[in-house]
Amino acid sequence: MAKKEITAVVKLQLPAGKATSGPPVGSTLGPHGINIGGFVKEFNEKTASQEGLVIPAVITIYKDRSFDFVLKTPPVAVLIKKELGLASASPKPNTQKVGKLTKAQVQKIAELKMPDLNAVTLEAAMSMVKGSARSMGIEVED
């Protein structure tokens with residue numbers, strides 16, 4: 001099979017199972033002329049089990065207006081907020097703490113996020129998760 005010519009690579013972060021053809025999907029993918037309804041349906045089917053999370057998708061668009069996409073793991077901040085049941089992070093992370101992560105919770109998030117991080121070891125991934133948590137105003141247990 002001949003190699004398809006890529007015209008664009010688009011990155012979107014969409015709510016799992018709830019993507020619509022309106023903005024940001026329609027306004028981002030529309031200029032490339034791909035079937036937006038087809039993308040939305042396929043994305044929602046693949047992410048239905050992850051309801052409530054934000055899922056990044058990397059969409060590769062080809063010259064013949066076909067496409068394929070790869071789903072990534074949710075951002076660390078989204079995973080931390082879900083783990084602690086928070087609506088938002090602290091507006092003043094250095095002075096106002098909004099929660100506390102245990103070492104087990106940090107490890108769970110790091111293991112889930114590991115495929116998309118540029119960390120070689122689990123300890124390095126846990127360090128990244130801890131840094132994100134601290135910048136959100138969340139205390140981290142050592």
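Q: Which residue in E3 stands opposite threonine 60?
A: Start with the general idea. In a regular strand the side chains alternate between the two faces of the sheet. Now the case here, in a predicted model. Threonine 60 stands opposite aspartate 68 in E3. Strand E2 covers residues 54–62, and E3 covers residues 67–71. The two run antiparallel, joined by 5 bridges.

Q: Which residue takes a positive phi in the hairpin of E2 and E3?
A: Look between the strands. The hairpin has 4 residues there, and arginine 65 takes a positive phi near 70°.

Q: How many bridges join strand E1 to E2?
A: There are 9, and these strands also run antiparallel. E1 spans residues 6–15.

Q: Is strand E2 mostly covered or mostly exposed?
A: E2 is mostly covered. Of its 9 residues, 8 are buried.

Q: How many aromatic pairs are there?
A: General idea again. A pair of aromatic rings is described by the distance of the centres and the angle of the planes. In this model the count comes to 4 aromatic pairs. One of them joins phenylalanine 39 and phenylalanine 67, with 6.1 Å centre to centre and 70° between the planes. That geometry is edge-to-face. The pair links distant parts of the chain: phenylalanine 39 belongs to helix H2 (residues 36–47), phenylalanine 67 to strand E3, and they are 28 residues apart.

Q: Is phenylalanine 39 buried or exposed?
A: Phenylalanine 39 is buried, because its relative accessible area is 0%, and the cut-off for buried is under 20%.

Q: Which residues do ring pairs link into a cluster?
A: The cluster holds Phe39, Phe43, Phe67 and Phe69.

Q: Which lysine lies over the face of phenylalanine 69?
A: Lysine 46 does, at 4.6 Å from the ring centre. For another ring, turn to tyrosine 62. The charged end of lysine 4 sits over that ring, 5.2 Å from its centre.

Q: Which residues line the largest pocket?
A: The lining includes Gln50, Leu53, Lys72, Thr73, Pro74 and Leu79. Lys82, Glu83, Lys108, Ile109 and Leu112 also belong to it. Helix H3 (76–84) and helix H4 (103–113) each supply at least two of the lining residues. By type, the lining divides into 5 nonpolar, 2 polar and 4 charged residues.

Note on methods. Residues numbered from 1 in each chain as written. Predicted model: local features only at pLDDT ≥ 70, side-chain atom pairs only at ≥ 80, totals over all residues. Heavy atoms only, no water. Buried < 20%, exposed > 50% of the residue type's maximum accessible area, 1.4 Å probe, protein only. Pairing = 2+ DSSP bridges. 1 Å grid on protein atoms, 1.4 Å probe; cavity = no way out; pocket = protein on both sides within 12 Å on 5 of 7 lines; lining within 4 Å. Nonpolar A, V, L, I, M, F, W, Y, C, P; charged D, E, K, R; others polar. Phe/Tyr/Trp six-rings, centres within 6.5 Å; stacked < 30°, edge-to-face > 60°. Lys NZ or Arg CZ within 6 Å of the ring centre and 35° of its normal.
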